Amino acid sequence: MSIAANPGRTGARGRWFAGSAVALYALIAMIPLFWIFATGFKSPPDSIAYPPKVFFDPTLEGYVNLFTSRSRQTDEYIETLGPPKTWYEEIARSRNMVITGPSRFADRYWNSVVIGFGSTFLAVFLGTLAAYAFSRFKVPLKDDLLFFILSTRMMPPIAVAIPIFLMYRELGLSDTKAGMILLYTAVNLSLSVWLLKGFVDEIPREYEEAAVVDGYTRLQAFRKVVLPQMRAGIAATAIFCLIFAWNEYAFALLLTSGQAQTAPPFIPIIIGEGGLDWPAVAAGTTLFLLPVVVFTVLLRNQLLRGITFGAVRK
Amino acid sequence: MTDQTIQRIASDTPDVAPRFVRRVRGLSDRAITWLFIGPTLAILLAINIFPLIWTVYLSFTNYRANQPGREVKWVGTRNYERLLGSEDIWGYLQATAHFVVWTMVLQVLVGFGLALLINRNFRGASFWTTLILIPMMLSPAVVGTFWTYIYQPQTGIFSYIIDFFAGTGAIDMIGSVTLAPWAIIIVDTWMWAPYIMLLCLAGLRSIPDYLYEAAEIDRANALQKFWYITLPRVLPFLMLAVLFRGIENFKMFDMVVELTSGGPGSTTELASINLKREAFEKWRTGFSSAFAIILFVTVFGLGNIYVKALNKVKS
């Protein structure tokens, strides 16, 4: 057999070339992420230095600025305060700043967590039930209903936002966590139903049939036989829903402001004195993106399935 | 109590037909079906279909959401006529088309290329693949935000690297009328070429080895093998990926808003960005509803094709 026959079984040289090319692409693609991570540990002057600094003295100033609000004070005033009590006060003092309180970042991050987990729970819970019914029972107009569910995902968010904005204003749901949870649940349901239906389809019906013959009701069979086998699929679906809700921006921008705002519309407006405070923005970005990177690595074998709504399963 | 009795009967008499048992005990299948699907459909009707119908109604009125007390007048199809007659709207649609077409072309080239390379099963392939996949999972708005930093004309690393290798001097990707459309295309390609790659890879892995072995017996050269075996087998997957990303990019909002906010001038003012301006800054709710409906219809048409393609890939 010749060695260069199949792209899957290339010769050593071809493989080496492919490996280096892919690695090179990956490394270049990682530069922006590495850069933003590094910027989080730069001082503001280092962050706008020319040429860009690859080596620098790391500082936590960006993180301090991210979590606090500060005011600029004169040297005389700062002297009257006595020595700084904490390491973060010390960092602020070195820029002639006095910490006046926490910033809104922690709040916004917490909102993202609550809305993300709340909507994920609802979308996966309802999605599991619907997926089971679609997979096992005769549903009238099944294909049309499934298409309808998927098509809700296709709608441009800004277009949906106009009536939702009006509706939420009438119902008093604007700028509330409950309103955002409900909205993200609705958006995620399409993904949840489609993905989970794929997972239920893979569980042989015979298990339930046997359970029913053994005296279980349909619901008991669902709870005690099907659900435990869906665990991995439910976990993967939940992570996809969570990432979507976590990343969502358009609805959050238009429907929230003071109370229920999530991190994505907040991060761009972390502004320091005299233009954008890049290390603080980078610090916020790092903290915001890190969980997604971790989940992506955990989920790497399910990604294909998730991004195609369960159509391609490898 | 009756339940227990029936259960006892069911377990004591093994010859009871399962069908009979199922009908008697617990909820009927039909009741479960609607109990299970009902809530999902109710939420989707309330949050998707009802608003859609409302938008259709608003698109025939002169309603302004910032003046709730004002009398709402039925204006017929005037909003649609004004929209289709407006040269600005065609400009925004043109900018959107430019963005969609070029991102798709670049992402297919990069994504398919990477997939072909990764398919050679070199050592560490899964590690590098995972790294490459990270950008597509990130929040587009946050990605747009930090790319403004990377694109900074004086101090940004993008300008520095290009200048270092090509000697172009400082380049202002976001501030320049000619470069800004490419600035958003580059970021989108960085994010989403991995998506195309992943689907192409699935396509490549679905090709059985014996096809290549048979081609070899027929003395097919590498190009012929690619053209007659690889390409036709990967094409459905590639089409699916392009269609899905095409729809997403047609609706593109978050990344571009944070990166260029439509500027400079209106060079990167994509349809969704303009829609947001009309609806939530100028508060022309009726007019923007008509615009939204036009976008809906386009996306819905594309979505229909997408689902058909999906079913084709599935089978």
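This is a predicted model: local features need pLDDT of at least 70, side-chain atom pairs count only at pLDDT 80 or more; totals for chains, interfaces and linings use all residues.
**View 1. Domains of the two chains.** In chain A, the domain assignment gives domain 1 as residues 7–39 and domain 2 as residues 106–269. The C-alpha centres of these two domains of chain A are 35 Å apart. For chain B, the assignment gives domain 1 as residues 2–58 and domain 2 as residues 80–314. Here the centres, taken over C-alpha atoms, are separated by 42 Å.

**View 2. Helix H9 of chain A.** Helix H9 of chain A covers residues 177–202, which is 26 residues. At 1.5 Å a residue, this helix should span 38 Å, and the distance of 36 Å between its end C-alpha atoms agrees with that expectation. H9(A) contains a kink of about 40°, centred on A:Asn188. Because 22 of its 26 residues are buried, H9(A) is largely enclosed by the rest of the structure.

**View 3. The contact between chain A and chain B.** In this interface, 90 residues of chain B are in contact with 92 residues of chain A. On the side of chain B that touches chain A, helix H3 (residues 29–58) of chain B gives the most, with 14 residues. That side of chain B is made up of 57 nonpolar, 20 polar and 13 charged residues.

**View 4. The largest nonpolar core.** The largest nonpolar core has 172 residues, and among these B:Leu198 and B:Leu199 touch the most other members. Helix H9 (residues 180–205) of chain B supplies the largest share of this core, namely 17 residues. When residues up to four places away in sequence are not counted, B:Leu199 touches A:Val312 in chain A, and also B:Phe237, B:Leu238, B:Leu240 and B:Ala241.

**View 5. A glycine in helix H9 of chain B.** B:Gly203 is located in helix H9 of chain B. This glycine counts as buried because 25 C-beta neighbours lie inside 10 Å, and a residue is buried when there are 20 or more. Apart from neighbours within four places in sequence, B:Gly203 is in contact with B:Arg233, B:Val234, B:Phe237 and B:Leu238. B:Leu302 is 99 residues from B:Gly203 in sequence, and their C-alpha atoms are 22 Å apart in space.

**View 6. Two loops of chain A.** A:Leu81 belongs to the loop between helix H4 (75–80) and helix H5 (87–93) of chain A. With 12 C-beta neighbours inside 10 Å, A:Leu81 counts as exposed, because the limit for that class is 12 or fewer. The C-alpha atom of A:Leu81 is 42 Å from that of A:Leu254, a residue 173 residues away along the chain. Another loop, between helix H2 (44–47) and helix H3 (61–67) of chain A, holds A:Pro51. The peptide bond leading from A:Tyr50 to A:Pro51 is cis, and its omega is near -5°.

**View 7. Positive phi values in two loops of chain B.** B:Asn121 lies in the loop between helix H5 (87–118) and helix H6 (125–133) of chain B. Its phi is near 55°, which is a positive value in a residue other than glycine. B:Asn121 has 14 other C-beta atoms within 10 Å and is therefore partly exposed. B:Trp283 is placed in the loop between helix H13 (271–280) and helix H14 (285–314) of chain B. For B:Trp283, phi is near 55°, again a positive value in a residue other than glycine. With 14 other C-beta atoms within 10 Å, B:Trp283 is partly exposed.

Conventions. Residues are numbered from 1 along each chain as its sequence is written. Chains are lettered from A and ligands numbered from 1 in the order in which they are written. Domain bounds come from an automatic or database domain assignment. Helices (H or I, at least four residues) and strands (E, at least two) are DSSP runs, numbered from the N terminus. The expected span of a helix is 1.5 Å times one less than its number of residues. The bend at a residue is the angle between axes fitted to the seven residues ending there and the seven starting there. Two residues are in contact if their C-beta atoms, placed from the backbone, lie within 7 Å. Ala, Val, Leu, Ile, Met, Phe, Trp, Tyr, Cys and Pro count as nonpolar, Asp, Glu, Lys and Arg as charged, and the others, Gly among them, as polar. A nonpolar core is a set of buried Ala, Val, Leu, Ile, Met, Phe, Trp, Tyr and Cys residues joined through C-beta atoms within 7 Å.
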